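Please open the structure in your viewer and keep the selection panel at hand.

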Amino acid sequence: RTSLDIEEYPDWEVQKNRILTLEEWQDKWVTHKIGFHQEQGHQLLKKHLDTFLKRESGLRVFFPLCGKAVEMKWFADWGHSVVGVEISELGIREFFMEQNLSYSEEPIAEIPGTKVFKSSSGNISLYCCSIFDLPRANIGKFDRIWDRGSLVAINPGDRKRYADVMLSLLREKFQYLLAVLSYDPTKYAGPPFYVPDTEIQRLFGTKCNILCLEKVDTFEERYKTWGIDYIFEKLYLLTKK
């Protein structure tokens with residue numbers, strides 16, 4: 001029996017009071033505890049790229065909790081406009097450095113004490129602030145959202161607020177690609193947090209059609225240290241109802 005046959009754990013509420021502060025996330029970057037970063041990019045995104053982009057050009061693509069995701073460079077190279085938000089200034093600077101991109105930085109006028117980093121080419125803008133402060137910056141609306149390592153990192157108690165921010169950023173004919181993880185939340189406290197199908201329906205079901213594109217077994221040796229014996233990743237496509 002593979003993990004793909006395992007029934008999803010019935011609820012996530014065992015994790016509902018788990019809280020990580022923004023400072024704790026920033027510390028992960030300082031101490032280089034960024035196991036969530038994928039240097040080669042995300043395999044399921046590569047596989048379902050045509051479904052996501054529909055061969056359209058000049059799209060505005062949003063990366064919530066972007067870290068230094070290499071896919072931001074891919075999308076910019078393909079002629080799209082990329083906007084990300086990330087609490088760690090270190091993560092943002094590492095992105096531009098590792099991708100060999102020159103950039104400028106300027107304060108975000110609407111959010112005192114925060115900055116936006118922009119590639120010299122002008123097609124990548126990364127906002128260094130909380131995702132919940134971001135709407136004040138009037139960043140406009142998006143054709144696409146690539147949500148990987150974001151919803152699963154948000155404190156479970158903040159998910160509804162998060163989903164409302166995401167939905168407020170979408171244009172009429174949007175495609176929202178969402179990657180979540182499934183494991184036994186009684187054995188590991190997160191993050192990344194467990195987000196079952198029922199939770200995606202609760203958060204997005206009133207506004208979106210929700211299609212599960214794929215479910216893959218992503219178990220590796222390192223997950224044994226979490227105390228779990230299975231984990232799989234699910235990729236969802238959200239579109240307008």
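Select Thr 31 and Asp 27 first: the side chain of Thr 31 reaches the backbone oxygen of Asp 27 at 2.8 Å. A polar contact is a pair of N or O atoms within 3.5 Å; within protein, one must be able to donate a hydrogen and the other to accept it, and residues adjacent in sequence count only if both atoms are side-chain atoms. The model is predicted, and local features need pLDDT of at least 70, side-chain atom pairs count only at pLDDT 80 or more, while totals for chains, interfaces and linings use all residues. Residues are numbered from 1 along each chain as its sequence is written, and side-chain values use heavy atoms, with hydrogens and water left out.

Now display the secondary structure around Thr 31. This residue is in the loop between α1 (22–30) and α2 (43–47); helices (H or I, at least four residues) and strands (E, at least two) are DSSP runs, numbered from the N terminus. Thr 31 counts as partly exposed because its relative accessibility is 47%; buried means under 20% relative accessible area, exposed over 50%, and partly exposed in between (1.4 Å probe, protein chains only).

Next, select helix α6, residues 159–168. Which residues of this helix are buried? They are Arg 159, Tyr 162, Ala 163, Val 165, Met 166 and Leu 167. The buried residues of α6 pack against β1 (60–63), β6, β7, α7 (197–204) and β8 (208–217), where contact means heavy atoms within 4.5 Å.

Then move to the largest pocket by selecting Phe 36, Arg 148, Gly 149, Val 152 and Ala 153, which lie nearest its centre among 50 lining residues. On a 1 Å grid over the protein atoms alone, a pocket is an open set of points where a 1.4 Å probe fits, with protein on both sides within 12 Å along at least five of seven lines; lining residues have an atom within 4 Å of a point. The largest share of the lining, four residues, comes from α1.

Along its principal axes, the C-alpha trace spans about 50 × 40 × 30 Å. Of the 241 residues, 52% count as buried.
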